[in-house]
Structure formats: structure tokens, C-alpha cells
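Student: I am new to reading protein structures, and I would like to work through this one step by step. Could you show me the sequence and the model before I begin with my questions?

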Amino acid sequence: MTTTSRWLSESYGPGGGGAAEGILRHLDATELDPLTLLVRESAQNSWDARTGDGPVDYRVELRSLSPTEAPVWRDLLLENAPTTEHLELRASLARPVLRVLTVTDTGTKGLGGPTRADVVADGDCDFVSFVRKTGSSQDLDSRGGTYGYGKVVFHLASKPHTVLVHTRCRVGDRLETRLIGWAVHESYSTDTVDGPKTFTGRHYWGRVQDGYVEPLVGAEADDVARKLGLRALPEGETGTTVAMIEPVFGDRDDAEAMRWIVDAIVWNLWPKMLPEGGEAPMRFSITHDGAEVPVPWPSEVPHLRPFLWAHRDMDVLIEHKTMKRPLGRFGVRKFIAPPGKPPKVAQEAGIGDRLNHTCLMRPVDLVVKYLEGPPFFEEHGGYAGVFRADEGMDRTFALSEPASHDNWMVDRLQDLDERKLAKHALKKIADEMKAASGPAAVVNNAGDGVSLAGMSKLMAGLMAGAPGHGGSAVFPTADPVHSPGPASRHPNGGAPDPGEAGSGAPARPATHGRRGARLRYLDEPFHDTVDGRAVLVQRFELVDAGEQVVRSRLSVALNDALGREGEPPRGASVPTVLGWRADGEELHRSDELHTDGGDGRVWSLIVAPAPDTVTEIVMASERTGGDV
């Protein structure tokens, strides 16, 4: 294959420079798994490069190269490559099956600006910042990154520490495609035709000229990228692909590694998955040898779901009153602990068998860390908090972060006022977690306090949406305790799905027959206030078209030994239906709902719970119009 590209190893200049091994070791202080670090840093780079015209699409793809693709990689990258003593690339390319891991973003501006580090740029200098420079700070305005070291995660993920960068950017009023290779290993000395020389350990692949390497550009870059099998960027759009040769996954096989990447996305980037005005800021897709690896919605992950509730309830202002500075907003939710252990990615982040943590984030809405607080007073419960720093505190917290962006090390701040503000914020967060860890009470609609301590024995053994519950929602009435809620799914094949009532779990099975209509639960049930009274809300939609009547069956759930209370004791309080409400409409106050289905409307069932109990909700829909 004819090309003008070849390798050039960077030698030290008269003024010296940084050794490559120093770059590779700069992230050693973090305890994060390399794949988690790859997700966090690469997604942050993608977000920082957004164009602002729409969501950022972030894609991770693992491919085993085909027999026609692998020789192209070898032909292009073996010629004039550094010896194995100085770079492991030759050994990696010689493997029988060559694997490539790529991270691609679109809805981003690509790596634009000058391609030389010695050119002063008035505008963007993203190419130079990513490819040429290391350790230089950048403008913090609306960005997650604060160091130039995060990009090294791409090299750490590659066994030979070798990547190819394929990008399309805007240069003036035109688009330009660029392709360059870059490897980082260790500094060394060796004999050359010009005598002994010392080298930095950085190696570049591309068009060699004047003692350095320029990227391939334009049609040549597109042609080589296509022959390498790199995913083509959409016509007329800008973006970047970083390809890592022979990825390193530790003791995980490829399938396990891709599932880890999925979990790392969900646990570290979930705020970017939440819709803002109808569309999420970032969209994620993962593929393994052409097959999609599903990325669950955060609300589908039981141990993560409470953090979404807390994020929705960030109504506590954390401030320094003396200095008259807002520091951020805080929200917290208490809940019945979900069953089982959290995924390993969450355990890596410090979340163990019990949830008593606060998710810390800056205004860019990227997770910094999960800060552990005191355990919840009741072993079957927990709490989750979210703290989002104020815009005015973004730079302060950013400067407190290490290169891996996974902690707030506020004692390192040089400015005394900034240190005082940041430490005050962390103290107030700790105070909020301490308060959340103890017993609490809320006022129910009768004005009586509902104690969590009084519920603790009833909580034992309860689990929402357990098999055989027909998709019911077991939910405590003492706000703000929450159970995981129902499992909401479409049926697979012919079997009814636990998340759909009607055919799967009819409220009156003897009368439904062929008139059962599908009803899909949405989200988890949650607490709210209607006309000043505490209520439970279960959102749902009617899948099938036509006239229908929707009914609910409410009961009090006790512990496993006592079962469910079908007939309450004489005089005992029971949960009741207050009414039904479509999004944006008034409350329909009736025991059952008569409406048309299949129109996409989202409905809410509003329930007044009985005090000091756990409420179970089952719903079903029945067709009422015409023959079925």
C-alpha cells in the first residue's frame, strides 16, 4: 500500500523536555480501574468539544480485525516502526488476531487549530493540545477538564501504548480531515547515523517533514482511515475517533470488558443521560464485533436509582452565609435498600453493601466521586444524596481535583478564601448526610407523624416488584423513604411482562378475558404533594388503542411472615385512590379512569397512603369499546 506516512521518534532538543514515562505515570495516584478512567476522561473530552448544536454522540467499539483489514494495519504501521526494545507495537501487530478499541464522538468540533505547537493561535488549538502538548492547563469555562494529562488514558488502554487519531474539524470556512498516529513509551538512548542520541519515548506516525510529523489531511486521510476500517464520520459533520491498538483489559475477557465499560458509563455519566427539554445532552452506544451492547437507562439500575431521585430533589441551598456565597445545591432521598450487591464499577467507586453516599459533581454534570457518609440507622434502609456545585464555585472545585478528576482535595487550594469556601461546602454536605442517616418523620394527610423507626420491622424482607407480584409497586408511605419501584418492560415473545398490567396482572382476572389491555408502568413510584397532602404517584401509559377503563388494587404490604393485608382491621386506615392525572391536565377525581389508550399520553395514579404502612399498587386496564 503506497502512502507518504512513516514513523519518527522524537529526540530531545538542546533545551531538554519531558520524558514519556513521566506522562504515563501521572495518573498512577488514582485507584480507578483503567477502563473506568478511559470512560471518564474520554467522555469528558467529548463533552468539552461539543459544538452546542445538539447532543453529543459518544460511541465505544471493540473490533477483531478481519483478514482483509489486519494486513492494512500491519503494512501501514510496521514500516519504519521503532524496534520492539523501544516500543511494543511490532509484537502487537504480529498477533494472529489484531484487536482495535475505538472511541468516537460526533456533535463535537473535532481537533482543529494549528498542527504545530510553535504556532500562536487566536482561536482553537485543540489539535496541538491533544497531540503535541502535555500538562498544559486550559480554559475552565464550561469544561470538565483542567489538565493536559487525561488524554494519556488512551495510551494506557493500549498494550503498545499506540493510538491513531482520525478527526474532522473546521478550518476557516471549510472542513478538513486529519489522521495521525502517536505512541508513548519510555525514554532511551541509542546509536544513530549521526552518533549517539537520546529520545523522549514519544513516537509519531504521519507525514514526516522538517524533523517532525504532520497529520495526513484531506482525501488521503479519509482514504487511509477507510482502508483501516475506522468508522466514517457523518458527511459534513465534525468529530473525532481515537483508535487504541490491542487494548488491555486486565483479567477480563472482551465481553466482560465491554460490560464494564457500559457500567462505567452509567455510574459516571448518568447526569448526561437525563433528558433536558426532551433530549439527553449525551447519547451512548457500545458495540462488540458489530453487536450492540445495551446501555441501560440509569432508572433501570436499582442501586443508582435513588441518586436520580435525589438529583430531582436538589432543593437545599448550600451557602456560606458570612461570605454571602452560594456553594451549590443538595438533594437527598431515603429508601428501602435494593436487594443484592451493586455492580463492581459501583463498588470500585466506594459503594458497598449499603447505600449511604452523596454524588459530587461540578456544574458540567460529570460525576466526580461518591462520597461516603455515616450508615443509615436502619439496616434495611439507606440514603442517597447529590451535590451540584454552583457555577461560581466551578473553578474552585476544578482546581482542587487531581489529574484523574476523581476527588476534591480542597486542602491543596492556594487561595485562602477558595479553600475556606470549598471546605465549608464539604462540611455542610457532611452535616446533611449525618441528618439523613438518622430517624425522621413526615406529616401525613391526617397530621400525624409517620416515623421511620416505627416502620423498620415492617421493612424487613420487602422487595419491590418481586416475582409473583404481578409488577406491583411495594412502596413505603413515610417520605422520603423509597423502594426501587416496579420493573417496567415490554413483554418478550408471548409471555406477559411483569411491567405490564392487564393481561399479566389483571385487577379482576375473572372478568377480563379477551378484554385485557396493556398498561406499562413508567419510572419508579414516588412521593409528591397534592393539595397539601402527602401522596404516592405511579406514572403509566396505555399501550393499546381504544376505549378503556383503568382500575387499581391497593393493599398494605407487611413483612414476609405476615404477607399482605387484604382486609384491614376494623377502623384501620387504608390507602385510597385520590384520582388520575394526565401530564399537563387537571386531576380526575374518581376511583377508576375512563379514557382512550394508545395516544402516547402519560398518566399518573395519585394515591393517599395509610400511615405507618407499606403500600402495594397493582393496576390493570380493560377494553370497553365495541367487540374485541
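This is a predicted model: local features need pLDDT of at least 70, side-chain atom pairs count only at pLDDT 80 or more; totals for chains, interfaces and linings use all residues.

Student: How many of the 16 residues of H8 are buried?

Tutor: Buried means under 20% relative accessible area, exposed means over 50%, and partly exposed lies in between (1.4 Å probe, protein chains only). Among the buried residues of H8 are Trp260, Ile261 and Trp267. The helix is mostly covered, and the number of its buried residues is 12.

Student: With which side chain does the side chain of Thr177 make a polar contact?

Tutor: Thr177 lies in strand S5, which spans residues 174–184, and at 5% relative accessibility it counts as buried. A polar contact is a pair of N or O atoms within 3.5 Å; within protein, one must be able to donate a hydrogen and the other to accept it, and residues adjacent in sequence count only if both atoms are side-chain atoms. At 3.4 Å, the partner of the Thr177 side chain is that of Asp222.

Student: What is the length of the polar contact that joins the side chains of Asp394 and Arg362?

Tutor: Asp394 belongs to helix H11, residues 394–399, and it is buried, with a relative accessible area of 7%. The contact between the side chains of Asp394 and Arg362 comes to 2.7 Å.

Student: In which sense do S6 and S7 pair, parallel or antiparallel?

Tutor: Strands of a sheet pair through backbone hydrogen bonds, and here two strands count as paired if DSSP finds at least two bridges between them. Strand S6 (residues 188–192) is joined to S7 by a hairpin through 2 residues, and the bridge partner of Tyr188 in S7 is Phe199. Over 5 bridges, the sense of the pairing is antiparallel.

Student: Which residue in the turn between S7 and S8 has a positive phi?

Tutor: S7 pairs with strand S8 (residues 212–214) over 3 bridges in the antiparallel sense, and Arg207 stands opposite Glu214 in S8. The two strands form a hairpin with 2 residues between them, and the turn residue with a positive phi, of about 55 degrees, is Asp210.

Student: Which strands stand at the edges of the open sheet of 5 strands?

Tutor: The order of the strands in this sheet is S13-S14-S17-S15-S16, with mixed pairing. Each edge strand has a single partner strand, so one side of each is left without a neighbour in the sheet, and these strands are S13 (316–320) and S16 (367–372).

Student: How many disulfides does the count come to?

Tutor: A disulfide is a pair of cysteine sulfur atoms within 2.5 Å. Cys125 counts as partly exposed at 35% relative accessibility, whereas Cys169 is buried with a relative accessible area of 0%. By the distance rule, the number of disulfides is 0.

How values were computed
Residues are numbered from 1 along each chain as its sequence is written. Side-chain values use heavy atoms; hydrogens and water are left out. Helices (H or I, at least four residues) and strands (E, at least two) are DSSP runs, numbered from the N terminus.
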